[in-house]
Amino acid sequence: MKKKSTDFMGKGILLSLILIILNLIGGFAHLLFETWFKWLPSIIILVVIIIFCIQYGKQETDGMTFGKAFGYGFKISLVVSILTAIYGLISILFIFPEFMDQTLQQARAAMEAKGTYTEDQIDQGMAISKKFMQPLPFALFAFLGSLFICTISSLLGAAFTKKSEPEPAIFKDNP
């Protein structure tokens, strides 16, 4: 008999909530610009999606292929990417409106510290950055970035998932 697998939507929502809570903690604790903290969501995504794909592979009795495991992980990826992009938009508009300005200040400081740019080049770079640091482009880039990391995680999850042959029809429940 086929075990009931948790739906991809529920797992995507769960992972999204974990990432949102992590971002809220980071924002209120002023950790968002710490290098180690910037990598933490990607590591969590990587580990959790791989685990979800492996669990799905263990529960699936109709034969597990790379494509099935990847498809399952990719569906989770879409849910996570959409929800975190929506949260990102809400976050920069209402929760942490100072984030955009802080990001631009960090970028300027990094360019000045490098010492290879003239003041004109820095100003031009900041003007271009400011165009992309608007809420909608930011949400789009957040969606694409999240989807990229989640897709890589889904590929790895599918690679680590044990492949199997379909269960013989004689053992399946007949309706």
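Mentor: Gladly! Let us begin with a definition: a residue is buried under 20% relative accessible area, exposed over 50%, and partly exposed in between. Keep in mind that this is a predicted model.

Trainee: Thanks! Is glutamate 112 buried, exposed or partly exposed?

Mentor: Its relative accessible area is 42%. Buried needs a value under 20% and exposed one over 50%. Glutamate 112 is therefore partly exposed.

Trainee: How many salt bridges does the structure hold?

Mentor: A pair counts when a side-chain nitrogen of Lys or Arg is within 4 Å of a carboxyl oxygen of Asp or Glu. For the structure, the number of salt bridges is four.

Trainee: What separates arginine 108 and glutamate 112 along helix H4?

Mentor: These two form a salt bridge, with 3.4 Å between the closest N and O atoms. Both belong to helix H4, which covers residues 99–114, and they are four residues apart. The separation is therefore about one helical turn.

Trainee: Which helices does the salt bridge between glutamate 119 and arginine 108 tie together?

Mentor: The side chains of glutamate 119 and arginine 108 meet at 3.3 Å, N to O. The two residues are eleven residues apart in sequence, so the pair ties together parts that lie in helix H5 (residues 119–132) for glutamate 119 and in helix H4 for arginine 108. The helices are H5 and H4.

Trainee: Which residues are linked with Arg108 in a network of salt bridges?

Mentor: Arg108 pairs with glutamate 112 and also with glutamate 119. The network includes Asp123 as well. Linked with Arg108 are Glu112, Glu119 and Asp123.

Trainee: Now for the largest pocket: how many nonpolar residues are in its lining?

Mentor: This pocket holds about 990 Å³ of space. It is lined by 29 residues, and those closest to its centre are Asn23, Lys38, Pro41, Phe138 and Ala142. Eight of the lining residues are polar and one is charged, while the nonpolar count is 20.

Terms used. Residues are numbered from 1 along each chain as its sequence is written. This is a predicted model: local features need pLDDT of at least 70, side-chain atom pairs count only at pLDDT 80 or more; totals for chains, interfaces and linings use all residues. Side-chain values use heavy atoms; hydrogens and water are left out. Buried means under 20% relative accessible area, exposed over 50%, partly exposed in between (1.4 Å probe, protein chains only). On a 1 Å grid over the protein atoms alone, a cavity is a set of points where a 1.4 Å probe fits but cannot get out, and a pocket is an open set with protein on both sides within 12 Å along at least five of seven lines; lining residues have an atom within 4 Å of a point. Grid points are joined across faces, edges and corners, and a volume is the space filled by probe spheres set on the points. Ala, Val, Leu, Ile, Met, Phe, Trp, Tyr, Cys and Pro count as nonpolar, Asp, Glu, Lys and Arg as charged, and the others, Gly among them, as polar.
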